[in-house]
Amino acid sequence: MPSKNLAIITGASRGLGRSLAHQLLQPGLRLLCISRQADSELEALASKAGTELTQWQQDLAEPVVAAQRLSDWLAGFEADEFEHALLINNAGTVGNPKPLSVARAGDLSVALRVGLEAPMLLSSAFLAATGSWSARRKVLNISSGLGRNAMASQAPYCAAKAGMDHFSRAVALEEARLSNGARIVSLAPGVIDTDMQVQLREADPAGFPDRGIFENLKAGGKLDSPDAAAAKVLAYLAREDYGSKPVADVRDA
Ligand SMILES: NC(=O)c1ccc[n+]([C@@H]2O[C@H](COP(=O)([O-])OP(=O)(O)OC[C@H]3O[C@@H](n4cnc5c(N)ncnc54)[C@H](OP(=O)(O)O)[C@@H]3O)[C@@H](O)[C@H]2O)c1
């Protein structure tokens with residue numbers, strides 16, 4: 001009898017999140033994917049793998065709506081239904097890189113709502129709804145080196161990831177006080193050949209002085225494929241010491 005596990009992942013329609021969702025598929029898994037677009041291939045693959053799949057086309061720029069929807073959905077499960085329960089906050093956006101002095105207020109707000117508010121509100125909803133469950137619980141926040149090292153014209157992205165790192169540290173302290181507290185990590189996933197990198201390479205160089213860094217990463221073959229990056233992230237997630245360092249890098253030994 002396969003174990004029954006729950007996984008929730010945001011931004012599973014493309015890039016790293018899509019590869020994570022595909023690699024998570026297994027018998028007995030209940031999988032919820034949240035992004036604006038659905039992955040048309042995932043339904044058939046999930047059914048073949050024995051995974052029960054739900055895909056929400058939900059804009060995470062409306063994090064309060066998304067978090068309420070998640071709370072309501074999680075309330076439909078029994079406290080002893082799953083052996084493991086996992087939330088992966090993977091969705092993010094670099095928007096259109098430019099200095100803060102010329103950024104549009106609406107774009108800044110979306111970047112912060114998708115990159116920081118949504119992960120925090122979804123984590124809160126997940127921790128509240130599953131707090132009395134018997135399942136072993138994990139939260140994985142997909143961060144970035146840019147949360148730890150600043151870059152010009154990336155202020156909202158840097159701020160969102162730095163905020164993600166630091167709220168993960170705070171939540172790790174909270175959960176450590178509980179008898180079945182969740183383990184939480186904000187993990188930098190390395191550099192990955194996705195649409196996000198295309199956006200960075202194609203940004204207007206007049207407003208983005210470090211564009212060349214991203215062109216060189218691609219030209220130098222330094223980007224992981226989404227599948228390779230997802231395998232590294234899932235290997236980190238499976239580590240025995242997962243949660244011992246709430247802010248980590250997939251390249252940590
Ligand atoms: N690529 C890299 O080199 C790199 C490096 C460090 C960290 N990361 C982090 O890794 C994660 C995945 O990045 P990626 O490279 O795979 O990015 P990506 O290819 O641009 O994919 C982003 C994902 O986020 C979702 N998303 C974006 N805006 C959304 C919104 N408003 N509502 C709901 N979902 C939204 C997208 O789905 P929809 O468009 O369907 O909504 C998509 O599935 C991000 O957190 C990123 O910051 C990436």
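This is a predicted model: local features need pLDDT of at least 70, side-chain atom pairs count only at pLDDT 80 or more; totals for chains, interfaces and linings use all residues.
Now for the overall build. The chain has eight helices and seven strands. A compact globule with 253 residues would have a radius of gyration near 18 Å, and the chain has 18 Å, so the two agree. Here are the whole-chain sizes side by side:

| Item | Value |
|---|---|
| Radius of gyration of the chain | 18 Å |
| Box filled by the C-alpha atoms, along the principal axes | roughly 55 × 40 × 35 Å |

What about contacts along the sequence? Take those between residues at least 6 apart: 67% of them join residues at least 24 apart. As for charge, there are 26 positive and 28 negative side chains, and the centres of these two sets sit 4 Å apart.

Let's zoom in on one residue, Ala12. You'll find Ala12 in the loop between strand E1 (5-10) and helix H1 (15-24). Is Ala12 buried or exposed? Its relative accessibility is 3%, and buried means under 20%, so Ala12 counts as buried.

Which residues does Ala12 touch? Leaving out residues up to four places away in sequence, the list is Gly17, Arg18, Ala21, Cys33, Ile34, Ser35 and Asp39.

Definitions and conventions:
Residues are numbered from 1 along each chain as its sequence is written. Side-chain values use heavy atoms; hydrogens and water are left out. Helices (H or I, at least four residues) and strands (E, at least two) are DSSP runs, numbered from the N terminus. The radius of gyration is taken over C-alpha atoms; the globule rule is 2.2 Å times the number of residues to the power 0.38. Contact means heavy atoms within 4.5 Å. Lys and Arg count as positive and Asp and Glu as negative; His and the chain ends are not counted. The place of a charge is taken as NZ of Lys, CZ of Arg, CG of Asp or CD of Glu. Buried means under 20% relative accessible area, exposed over 50%, partly exposed in between (1.4 Å probe, protein chains only).
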